[in-house]
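Here are my notes for your first read-through. Keep the structure open beside them and find each part as you go.

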Amino acid sequence: MAERLLEIKGLKTHFATDDGMVRSVDGVDLSIDRGETVGVVGESGCGKTVTALSVLKLIAMPPGRIVAGQILWQGRDLVPLGADEMRKIRAKEIAIVFQEPMTSLNPVYTVGDQIAEVIRLHEGLGRKAALDRAAEMLRVVNIPNPQRRVHDYPHQFSGGMRQRVMIAMALSCKPKLLIADEPTTALDVTIQAQILELLAEMKSTFGMAVMLITHAMGVVAETAQRVVVMYAGKVVEEAPVGELFRAPRHPYTQGLIRSIPRIDTASVKKTRLEAIAGVVPSLLDPPAGCRFAPRCRHARAACLEAMPALREVGPGHKVACIL
Amino acid sequence: MAHYLARRLIIAIPSLLGISIVLFTVLALAPGDPFEELASNPAVPPEVRASLRAQFGLDDPIYARYLHWLLAMLQGDWGFSFASRVNTDTLILQRLPTTLFVIGSAQVLALIIALPVGVYAATRPYSVFDQIANTLAFVGFSLPTFFTGLLFILVFSIYLDWLPFVYSDVTATGWRWYWEHIRQALMPIAVLGLFQGASMTRYVRSSVLDMIRLDHVTTARSKGLAEGTVVVKHVVRNAMIPVVTLVALQMPIVFGGAIVTEQIFRIPGIGSLLISAILANDTPVIMAVTFVFACLVILFNLIADVLYGWLDPRIAYR
C-alpha cells in the first residue's frame, strides 16, 4: 500500500459571524497518498477552499477556527502545531496555488524576487543563487525568456502566465503535496487546458501528490485518480475516478455528472442539460439530516432525520447516502 | 528617471507662473498701501509720497507691474521690503531654515508615530490597542494647533517650567547654543508633529487594513514567511503608496498650520514673516513668501510623485 501523506479526520472549521457560527467545513475525512492526484469537487461555498486553507492553517483566526478534527501530515497532527513549526511546512512540504492569478502575486515585487523569496527562506540560498533558481523554475513552467522575465513585475504577465509563475513558486521547494485551489477557474478555456497540462507535466517531473480543488467535473475526469465530492461542508462521496463516472451513488454526484455538457449524446439525442435545482444551503446552523435532502429528487422522510455517515459500497468507494 | 524629473520640473513652470499671476493680481487689487503710514506723518508732504509711489512703480497698471516683478524675479531680484528696508530674499533666507527645521522635524515625528501605531493597530483591528489609538488619533486631529500650542505652553512652560515658551535670542555658545535651540523648538515640533501624526495614523491604519485582506498576503503566508516579514514586506510596502499621496496633498495644510504655530511660539520663521508683512502692507514680502510656499508645495508634490513611482512599479516614469 502506498504511503499515506495527508490524512484529514473529522475536520471542522467554523467561522464566527455576526449572525452566528458558519459551519463551512463540518466533519471532513480525506486522505492523500504519496504521488496521488485527488480531485475535490463541489459547488461554490461547499467548503473545498476552507478545507485546503485549513490544511496549511491559513484560515483567518479570528473569525475562523478549527474546532475539531485532526490533520495528519505524514502521521503528525498539524492542528495543535505552533506558528513557527507550521511555517516550516508551508511551501517546503505543502504548497498551494490559488484561484486568482491576477491578485495572488504582490504587484510591487518582480516575479523573480517573489519566487526567490521562498527559495531563500527554505533552502537558505543567497540572493543571486535564489534568483538563478527562480529563473530555472520559470523555464520549467515553460515561460519563454526566463532569464529576462525574472526581472519583470506581475502586471507584465497575462493571467495564464501569472498562474505559471504561481506554480513555479509553489514547486520551487519541491513540496510533497501541491494543493491547487481551482487553479483554472479564472482563466479562459484554452489557457485552462494548458495549465492542467502543465500540472500533469510537473507531477511527472517532481512526483508530488496533488490535491486538485475544482467545481468542474471535466477537469477531475482528466487529471485525478481519486475523487472526493463535497457538499455543504461534508464529504458525500469518494471513489476512484473511473468508478465515480461509471456508477455514481450519491444523488448529488449523479446530478453533477449529468450537468456536464456532453458533445456525443447531446448532439444526437438533443437532450436538455440537467441542472441541480436549488442552491447550496446556508451553513449557518444547518438542520439535522442529509444536507442535500431539500434538493434531492429521491429524498424521503428518513433523510431529514440524521445525516447519513460515509459507508463503504465498493473497493475505495464510499458514499454518505441511505439509498 | 532623470528625463522624468526634468519633464516634471518643466511642467512645474507654468503652474508657478499661474500661481504668481493670481497672487500678484490679488495683492495688487487688495486695499492698503505700503506708504500709508507716511500719510499720517506730518513731516512727509503728500508730494514726496506720490513721488515715492511713482518711484516704486505703484501707479503703473497691474500687468506692467507684474511683468516688472517677473523680470526682476528671473534675474534673482526678489524685491525690496518697504517695512524693513532690506532685500526680500535676505529676509526669507534668514528665516527659511528655522521654518524648514520645525516643519521637517514635525513631519519626521509624525511618521515615527504614525507608521508603527497605524500598522500595529491595523494588524489587530478592534483590539484594545486599536481602540485607544483610534480615539487618541481622533482627539489629536480634532484639536487645532493653536489650542494644543497654548495648552503645551501652559503645562510645560508655566506649570512645569521645563521649556521656554517663546523663541528668544540665544546667547549661549558651543553645545549650549544647540541645546537651547532644540529646547525652544521642542514644543512647536511636538504640536505640529502630533497633529500631523494623528491624521497620518488614520491613513496608515486604513491603508494597511485594505492591504492585509488581499490575496497576495495569503500567498506570502503560504510561503512560510514569518508574520512580521509578511506585514512589513507584503503589506506595509504596498500600503505606503496611497499614504504618500495623502501626505503630499496635506503639505499646504502643514504650511498653513506652521504659520499659526510660528505665531504662537514666536518662531522667527517665514510664517511669522508673512503675518508681519501682511500687517505692514509690505506687498513685496507677502508676494515673495507666498511664492516660496507655492514652490515648496510643488516641490513636495514632485517628491511624492517620485516616491510613488519608486514604490509602485506599475507606474512608469514616462
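1. How far should the 28 residues of helix α1 of chain B span at 1.5 Å a residue, and how far apart are its end C-alpha atoms? Helix α1 (residues 2-29) should span 40 Å. Its end C-alpha atoms are 41 Å apart, which agrees. Keep in mind that this is a predicted model.

2. Stay with α1(B) and ask how well it is covered. It is hardly covered: the count of buried residues among its 28 residues is 1. For chain B as a whole, buried residues make up 32% of the 318 residues.

3. Now step back to the whole of chain B. It has 12 helices and 0 strands. Along the sequence, the pattern reads α-α-α-α-α-α-α-α-α-α-α-α. The C-alpha atoms fill a box of roughly 85 × 55 × 40 Å along the principal axes. Take the contacts in chain B between residues at least 6 apart in sequence: 73% of them join residues at least 24 apart.

4. An unreviewed UniProt entry annotates residues 9-30, 100-123, 135-160, 185-204, 243-265 and 285-311 of chain B as "transmembrane region". Check two of these spans in the model. Residues 243-265 are 100% helix and 0% strand, with end C-alpha atoms 30 Å apart. Residues 285-311 are also 100% helix and 0% strand, and their end C-alpha atoms lie 39 Å apart.

5. Next, a helix pair. Two packed helices are described by the angle between their axes and the distance between the axes. In chain B, the axes of α9 (residues 215-222) and α10 (residues 227-265) come within 10 Å and cross at roughly 150°. The crossing of α9(B) and α10(B) is right-handed. Which residues meet here? From α9(B) come B:His216, B:Val217, B:Ala220 and B:Arg221. From α10(B) come B:Val230, B:His234 and B:Val235. By class, the residues of this contact are 4 nonpolar, 2 polar and 1 charged.

6. Look at the loop between α10 and α11 (270-279) of chain B, where B:Arg266 sits. Its phi is positive, about 55°, although B:Arg266 is not a glycine. B:Arg266 has 15 other C-beta atoms within 10 Å, so it is partly exposed.

7. The C-alpha atoms of B:Phe165 and B:Arg266 are separated by 8.8 Å, while the two residues are 101 residues apart along the chain. B:Phe165 lies in the loop between α7 (145-159) and α8 (175-212) of chain B. It is partly exposed, because 19 other C-beta atoms lie within 10 Å; a buried residue needs 20 or more. Neighbours within four places in sequence aside, B:Phe165 is in contact with B:Ile153 and B:Ser157.

8. B:Ser84 and B:Asp282 are 198 residues apart along the chain, yet their C-alpha atoms are separated by 9.0 Å. B:Ser84 is in the loop between α4 (62-74) and α5 (88-123) of chain B. It counts as partly exposed because it has 16 C-beta neighbours inside 10 Å.

9. Turn to chain A. The unreviewed UniProt entry gives residues 6-257 the annotation "domain: ABC transporter". Over residues 6-257, chain A is 40% helix and 28% strand. The end C-alpha atoms of that stretch are 27 Å apart.

10. Two places in chain A deserve a look. In helix α11 (residues 251-258), A:Pro251, A:Tyr252, A:Thr253 and A:Leu256 are buried. What covers the buried residues of α11(A) includes β3 (37-41), α9 (217-223) and β9 (226-231) of chain A, among others. The other place is A:Gln74, in the loop between β4 (64-73) and β5 (76-77) of chain A. A:Gln74 is not a glycine, but its phi is positive, near 50°. It counts as partly exposed because it has 14 C-beta neighbours inside 10 Å.

11. Last, how many residues does each chain bring to the contact between them? Chain A gives 22 residues and chain B gives 19 residues. On the chain A side, α2 (83-89), α3 (101-104) and α4 (111-123) each supply at least two residues. The largest share, 4 residues, comes from α4(A). By class, the side of chain A that touches chain B has 11 nonpolar, 5 polar and 6 charged residues.

Conventions
Residues numbered from 1 in each chain as written. Chains lettered and ligands numbered in written order. Predicted model: local features only at pLDDT ≥ 70, side-chain atom pairs only at ≥ 80, totals over all residues. UniProt positions renumbered as here; feature names shortened; annotations may be inferred. Expected span 1.5 Å × (residues − 1). Buried ≥ 20, exposed ≤ 12 C-beta atoms within 10 Å, placed from the backbone. Axes fitted to C-alpha atoms, helices over the stretch in contact; angles between N-to-C directions. Left-handed = near helix turned anticlockwise from the far one by under 90°. Contact = placed C-beta atoms within 7 Å. Nonpolar A, V, L, I, M, F, W, Y, C, P; charged D, E, K, R; others polar.
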